[in-house]
Amino acid sequence: LKLARYLKVPELGPRLLFFSGGTALKRVSKALIDYTHNSIHIITPFDSGGSSAKIRDAFDMLSVGDLRNRLMALADQSIKGNPGIYRLFAYRLPKSSDNSVLFQRLQHFADGNDSLMDEITNPMKAIICNHINYFLDHMPEGFNLQGASIGNIILAGGYLNNNKNIDTVLYIFSKLVEVRGLVKPVITAPMHLVAQLR
């Protein structure tokens, strides 16, 4: 009976707290939003691989990849939840393309001219373009865009554009994609996990 009630009115679902990395509970989180919109997810922002590593090295910041992963897992993927933004956040630039070509493609995103931006309307489109432009303006020369996650770039641009306040950025994008829960980093400082071997 409880499950049936939660399924009917997930806004009144149980309050649950999770501590994890970004991909650990991806499938669970996608299913969870059918039963509750009251879950809190404390995410470890220590990822130092792939697209996240490049961004962390360039801007000395926490990892946004795992935070993006959980935001997307909890996002409402119906029309109400802005599926165009969901697809944009999930997109990665090709690893096989030349960096100069990828830079031009990212500039198209920043101008709002890429086909992935067509479904996104203002003011959401303007916010996203602003954050990509901010990333481009502060991107170090020679930054490798191969395999870069557009969602990570948008979150990083927003982080830099909001005086390195990740909570503001997470709040804005939670509203943009109708995130059914609360996503927070366990720490906001740019730290790494380290192991010392004997």
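User: Thanks! Where is Pro 123 found?

Analyst: Pro 123 sits in the loop between α6 and α7. Those labels follow a rule: helices (H or I, at least four residues) and strands (E, at least two) are DSSP runs, numbered from the N terminus. By the way, this is a predicted model, in which local features need pLDDT of at least 70, side-chain atom pairs count only at pLDDT 80 or more, and totals for chains, interfaces and linings use all residues. Residues are numbered from 1 along each chain as its sequence is written, and side-chain values use heavy atoms, with hydrogens and water left out.

User: Got it. Is the peptide bond from Asn 122 to Pro 123 cis or trans?

Analyst: That bond is cis, and its omega is near 5°. For background, most peptide bonds are trans, and most residues other than glycine have a negative phi.

User: Which residue other than glycine has a positive phi near 55°?

Analyst: That's Asn 163, with phi near 55°. Asn 163 lies in the loop between α8 and α9. Lys 164 is in the loop between α8 and α9 too, and has a positive phi near 60°.

User: Is Asn 163 buried or exposed?

Analyst: Asn 163 is exposed, at 72% relative accessible area. Lys 164 is partly exposed, at 45%. The cut-offs are: buried under 20% relative accessible area, exposed over 50%, partly exposed in between (1.4 Å probe, protein chains only).

User: New topic: strands. What does β2 pair with?

Analyst: β2 (residues 39–43) pairs with β1 (residues 16–20) through five bridges, running parallel. β2 also pairs with β3 (residues 182–185) in the parallel sense, over four bridges. Two strands count as paired if DSSP finds at least two bridges between them.

User: Which residues stand opposite each other?

Analyst: Leu 17 stands opposite Ile 40 in β2, and Ile 43 stands opposite Pro 185 in β3.

User: And how many residues of β2 are buried?

Analyst: Four of its five, so β2 is mostly covered.

User: How about α4, how many of its residues are buried?

Analyst: Ten of ten, so α4 is largely enclosed by the rest of the structure. The buried residues include Asp 66, Arg 68, Asn 69 and Arg 70, along with Leu 67 and Leu 71.

User: Which residues touch the most other members of the largest nonpolar core?

Analyst: Leu 106, Ile 128, Phe 135 and Leu 145 do, in a core of 48 residues. The largest share comes from α8 (150–161), with seven residues. A nonpolar core here is a set of buried Ala, Val, Leu, Ile, Met, Phe, Trp, Tyr and Cys residues joined through side-chain atoms within 4.5 Å. In soluble globular proteins, nonpolar side chains tend to be buried together.

User: How many aromatic pairs are there?

Analyst: Four. Rings of Phe, Tyr and Trp (its six-membered ring) pair if their centres lie within 6.5 Å; planes under 30 degrees apart count as stacked, over 60 as edge-to-face and the rest as tilted. One of the pairs is Tyr 91 with Phe 109, which is tilted: 6.2 Å centre to centre and 45° between the planes. Tyr 91 is in the loop between α5 and α6, while Phe 109 is in α6, 18 residues apart. Tyr 91 is partly exposed at 23%, whereas Phe 109 is buried at 0%.

User: Which residues form an aromatic cluster?

Analyst: Phe 59, Phe 135 and Phe 143 form one.

User: Last one: which helix gives the most to the lining of the largest pocket?

Analyst: α9 (166–176), with five residues. By class, the lining has five nonpolar, two polar and five charged residues. Ala, Val, Leu, Ile, Met, Phe, Trp, Tyr, Cys and Pro count as nonpolar, Asp, Glu, Lys and Arg as charged, and the others, Gly among them, as polar.
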